[in-house]
Protein chains: 2
Amino acid sequence: MDEQDALKFIHGKVPRSGDDAAFIQNLLITTDMLHKKSDFPQGTTHYTAGWRSVGASLSDIAAMGGDPIAVVAAYSSPEFRKEEIDEFIRGANEVCQMVGAEYVGGDLDNSDEFSVVTTAVGESVKPVFRRGAEWGDVVCVTGDLGRSAAAKRLFERNENEKANEMFRFKPRIEEGLAIAQYSTSMMDSSDGLVRSLYEIGKASMCGFEIDSNTIPINEMLKGIVEDGEVALRVAMTYGEDFELVFTAPREKIKEIEEDIEISITVIGEVVERDIKMDGELIENQGYTHG
Amino acid sequence: MDEQDALKFIHGKVPRSGDDAAFIQNLLITTDMLHKKSDFPQGTTHYTAGWRSVGASLSDIAAMGGDPIAVVAAYSSPEFRKEEIDEFIRGANEVCQMVGAEYVGGDLDNSDEFSVVTTAVGESVKPVFRRGAEWGDVVCVTGDLGRSAAAKRLFERNENEKANEMFRFKPRIEEGLAIAQYSTSMMDSSDGLVRSLYEIGKASMCGFEIDSNTIPINEMLKGIVEDGEVALRVAMTYGEDFELVFTAPREKIKEIEEDIEISITVIGEVVERDIKMDGELIENQGYTHG
């Protein structure tokens with residue numbers, strides 16, 4: 001089975017799986033594995049790795065409209081260097097502090113490849129799931145898309161300082177909490193916008209009609225990928241970004257916008273079936289985490 | 001740095017680390033990484049792997065005197081086979097159900113080596129830490145020691161059915177909750193009894209005087225390792241068992257025994273300094289997780 005089939009199979013066996021985080025009692029729990037080969041390009045610092053891996057799990061809490069409490073990490077590496085562990089913890093601490101969570105430690109292990117598994121725990125009285133989008137709702141994203149894709153290209157060019165900076169991000173906790181007041185479904189964009197649309201569509205039994213002109217493409221990505229069509233495709237499918245994709249009644253968007261500081265873009269609307277952009281079907285492609 | 005030095009370094013940086021689980025608000029959170037090479041001998045079924053890895057994290061909740069709520073797992077494997085994932089989930093579910101927790105899913109990833117990172121979340125109003133042992137307390141263990149060492153030898157002999165059975169264990173949740181009413185310090189025996197004594201000794205700034213005749217050695221291990229001295233050493237240092245090691249005032253032991261069904265053995269007492277058995281210093285050796 002590939003990852004998508006396996007996840008589908010697991011969802012059938014584990015009822016609380018299938019959203020960005022599992023909801024049990026009033027807790028949200030989510031775990032993520034990141035590997036050097038697929039997730040930390042050459043040039044990624046341990047500071048960025050700590051930040052990004054912990055941030056990825058915090059993003060899953062944000063995507064449920066949750067308030068994070070704590071994060072743990074299992075850190076696996078061919079060797080334990082004091083400076084690397086120190087920098088990893090600094091990154092983990094900083095991203096936690098930024099959203100009012102606490103990094104509380106974890107486990108250490110030896111492995112051939114550097115990898116990190118982070119688990120975040122948060123709380124919510126009424127989380128937002130992938131199911132719940134309703135016909136007539138609009139579909140929106142926070143911020144812009146393609147930031148990580150741009151960072152990867154900067155790493156390839158050895159522009160590591162800028163690349164690391166773009167690889168760190170502020171998890172959308174505040175925004176998730178505000179959006180959760182009004183949204184009917186939500187998830188993050190870590191697998192790419194197109195995959196997010198397919199996931200929400202499947203869980204909510206709906207389709208989407210997207211307007212390509214509205215997609216907020218990251219400025220840095222636009223600068224790197226000059227062809228506008230390529231930039232659009234990358235922004236929509238590359239993933240590894242940690243923005244929120246959500247649906248809400250159109251009349252609530254103004255209220256959400258008033259509650260949060262970053263931009264929100266209405267990129268389309270919920271329809272009965274099929275996922276289309278400018279009237280044409282979009283194939284279900286996105287980032288499959290290696 | 002080796003694992004022990006790295007953990008010490010991290011404990012200096014992350015205040016809530018250093019116990020079997022981190023305590024924050026009224027929650028306990030713990031994460032553990034297990035690898036095929038070091039933790040799942042040839043012959044280990046995925047059913048046992050799911051059970052054991054989830055059980056290891058539940059044991060950490062038990063070791064704090066906590067009540068578990070949920071467990072997630074990040075499952076990383078060269079390939080995803082439906083039967084293997086199915087069996088893994090069955091094992092994970094069963095060990096959770098046994099102690100009133102729920103397996104709520106996790107993450108999937110590809111890696112060269114099969115590995116699992118499990119994270120358990122539990123609750124406690126007043127957990128038991130490694131610090132707190134007091135001079136004059138007795139030191140005790142639940143059940144017996146050497147069960148996993150015996151299982152490993154059975155795997156080597158290809159007695160896989162029995163080996164798998166012994167590799168699965170009931171996390172000492174009930175016992176941990178009962179013991180926590182009276183104990184002054186606690187941790188599990190997963191790194192070996194000797195290492196547990198050193199950890200509690202360091203955190204509590206005390207020593208121990210152990211009586212070798214009292215060590216409860218697993219019967220199966222005794223049968224496999226005929227030399228009594230070797231069996232004793234293996235039982236004390238091999239680790240990967242999930243019993244509880246705790247200190248408590250001597251007069252409370254009877255009450256603890258009345259509260260729980262399994263055996264508790266007083267193996268020695270808390271002294272001012274040094275860790276000795278039958279009057280001789282014991283070296284700090286134990287299982288270093290690979």
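# Reading two interfaces

Trainee: How many residue pairs are in polar contact between domain 1 of chain A and domain 2 of chain A?

Mentor: The count is 11 residue pairs, both partners at pLDDT 80 or more. Keep in mind that this is a predicted model.

Trainee: How many salt bridges are counted between the two domains of chain A?

Mentor: The count is one. E240(A) forms a salt bridge with R52(A). Their closest N and O atoms are 3.6 Å apart, and the cut-off is 4 Å.

Trainee: What is often given as the size of an interface?

Mentor: Often it is the accessible area lost when the parts come together. Here, domain 1 and domain 2 of chain A bury about 2100 Å² between them. Carbon and sulfur atoms carry 61% of that area.

Trainee: Now the chains. How much do chain A and chain B bury between them?

Mentor: About 4400 Å², with 69% of it on carbon and sulfur atoms. In residues, 52 of chain A are in contact with 52 of chain B.

Trainee: How many salt bridges does the rule find across the interface of chain A and chain B?

Mentor: Four. One of them joins E102(A) to R16(B). There the closest N and O atoms are 2.6 Å apart. As for polar contact, chain A and chain B have 11 residue pairs, both at pLDDT 80 or more.

Trainee: Which elements of chain A each supply at least two residues to the side that touches chain B?

Mentor: The helices are α1 (3-13) and α4 (82-98). The strands are β1 (22-24), β2 (27-35), β3 (67-77), β4 (102-110) and β5 (115-123). β4(A) gives the most, with nine residues.

Trainee: How do the residues on that side of chain A divide by type?

Mentor: Into 25 nonpolar, 13 polar and 14 charged.

Note on methods:
Residues are numbered from 1 along each chain as its sequence is written. Chains are lettered from A and ligands numbered from 1 in the order in which they are written. This is a predicted model: local features need pLDDT of at least 70, side-chain atom pairs count only at pLDDT 80 or more; totals for chains, interfaces and linings use all residues. Side-chain values use heavy atoms; hydrogens and water are left out. Contact means heavy atoms within 4.5 Å. Buried area is the accessible area (1.4 Å probe) that two parts lose on being put together, summed over both. A salt bridge is a side-chain nitrogen of Lys or Arg within 4 Å of a carboxyl oxygen of Asp or Glu. A polar contact is a pair of N or O atoms within 3.5 Å; within protein, one must be able to donate a hydrogen and the other to accept it, and residues adjacent in sequence count only if both atoms are side-chain atoms. Helices (H or I, at least four residues) and strands (E, at least two) are DSSP runs, numbered from the N terminus. Ala, Val, Leu, Ile, Met, Phe, Trp, Tyr, Cys and Pro count as nonpolar, Asp, Glu, Lys and Arg as charged, and the others, Gly among them, as polar.
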